[in-house]
Amino acid sequence: MFVSTSCIKLCLLATLVSSSFLCHAANSELSQALSTSQARLHSLSQSGGQLPQSQISLSSSAWLNGLPSISLSHLGSLDNGNSYEQELSLNLPIKSPALHSSDKQIKQLTQSIQAQQVALQGLYLSGLLRQSLWEHRLAAVKLAQLDRKSQLLNKLHSQQKQLTDAGELPIAHILLLERELVDIALERVDLNQQQAEALALYQQLTGQEQIPQDIAETARPLSASSQPNDILAQHPLWQLLSLQKQQQLLIIQSQQAGDKDPWTVSLTAKNTADNQVDDQQLGIAVSVPLTLGSALSQTELSQWQQANTEHTLNLDRTYIELKTQLKMLEQQQQNLLDQQTLLTQALHLSRTITEELAKVKDQNQVSYEVWLRRYMDALDTESRLALNQVAQQQLHSQQLQALGISL
């Protein structure tokens, strides 16, 4: 007893370790597919006529609010030709401390916006990858079920043909089976096309020829059940819109306070000369704007109010769409669970009915067509049950996508 109990514990431990390893391997494989697709997209964008990032040199000055300027003046006397005045000034538009602080905050917001744009791109590619992976998987499962159904019908066809050739059964039995096999062949054509299109999309995104075998993401739990609002607030699209709204608010506040008006520092060299005096002077001048009231015009204020209203509407609309999508997916999940229970019962009943009809079929108490139709229903119910289990895994990936969680 002690030996068997320890063996059971070891088996359970080995199962948990192996399942954990497989989940980790699957997640890393899907993450690698996402990284590959991002690299390919970046490479395509660089080769599409755009300038390489290394050739784009954009920068902003930390302390200057514009380019320095030089002013040169020469004034001569109209009465005395030997009297003149020359002046040379170097003017530096210095950022005010308030503008310097505002620019620093805007720079941080810009970096956060760029990070969210990258995350949103990754989420978009994750959606395409998940679509290709699960469409290919569903088609594969349907094809496998059709193959199994076809094998059973071919076996039945072989048995019935022997009886028909011997004159014990009418030829209509064979024709009914052949009609079912034709329907299976027609359905297989559509599924092959669906599988090929999904594989082509995956190959276009990643450049890889084969689709990963383990694509289930059920090991990644959904944390939206406890605090869905907090989860949606982390969605890349929501974050991007929120940061853009903060950036616009910071910019308009800076404009209202007159922070964009620079402090002008002028370094001046002046030379004044006439018949008796030749005077040279050096000086410095500082021009500081007075921040009294608002520096915004009514046009600028109206434009910002309109843009702010649009940002607020976009945030509200995005939240409602994400919330609605999550709610629909939750309902679909419950529907799939309900269907699984009913399909399990239906499969049991279909098999029982088929067995009972087979007993009376041999006694000519029920037509062969009725028995065959019940037999087909049992196979179809079995296929629907298998597809339901795959659909639940696909729905889990769709919920992760709706929550803004990339591969």
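**Salt bridges and a buried serine**

A search of the whole structure, which is a predicted model, finds 12 salt bridges. I shall discuss several of these and then turn to one serine.

I begin with D147 and R188, whose side chains form a salt bridge with an N to O distance of 3.0 Å. D147 belongs to helix α2 (residues 97-165) and R188 to helix α3 (residues 172-206), so this pair ties together parts that lie 41 residues apart in sequence. D147 is partly exposed, at 35% relative accessibility, and R188 is also partly exposed, at 22%.

Next, R148 and E382 meet through their side chains in a salt bridge of 3.2 Å, N to O. Here distant parts of the chain are linked: R148 is in helix α2 and E382 in helix α7 (residues 368-402), 234 residues apart. Is E382 buried or exposed? With a relative accessible area of 19%, E382 is buried, because the cut-off for buried is under 20%.

K161 is partly exposed at 40%, whereas D165 is exposed at 58%.

Finally, I turn to S37, in helix α1 (residues 2-46). S37 counts as buried, at 2% relative accessibility. Its side chain reaches the backbone oxygen of L34 at 2.7 Å. Beyond its neighbours within four places in sequence, S37 contacts L125, L129, L205 and T206.

Notes: Residues are numbered from 1 along each chain as its sequence is written. This is a predicted model: local features need pLDDT of at least 70, side-chain atom pairs count only at pLDDT 80 or more; totals for chains, interfaces and linings use all residues. Side-chain values use heavy atoms; hydrogens and water are left out. Helices (H or I, at least four residues) and strands (E, at least two) are DSSP runs, numbered from the N terminus. Buried means under 20% relative accessible area, exposed over 50%, partly exposed in between (1.4 Å probe, protein chains only). A polar contact is a pair of N or O atoms within 3.5 Å; within protein, one must be able to donate a hydrogen and the other to accept it, and residues adjacent in sequence count only if both atoms are side-chain atoms. Contact means heavy atoms within 4.5 Å. A salt bridge is a side-chain nitrogen of Lys or Arg within 4 Å of a carboxyl oxygen of Asp or Glu.
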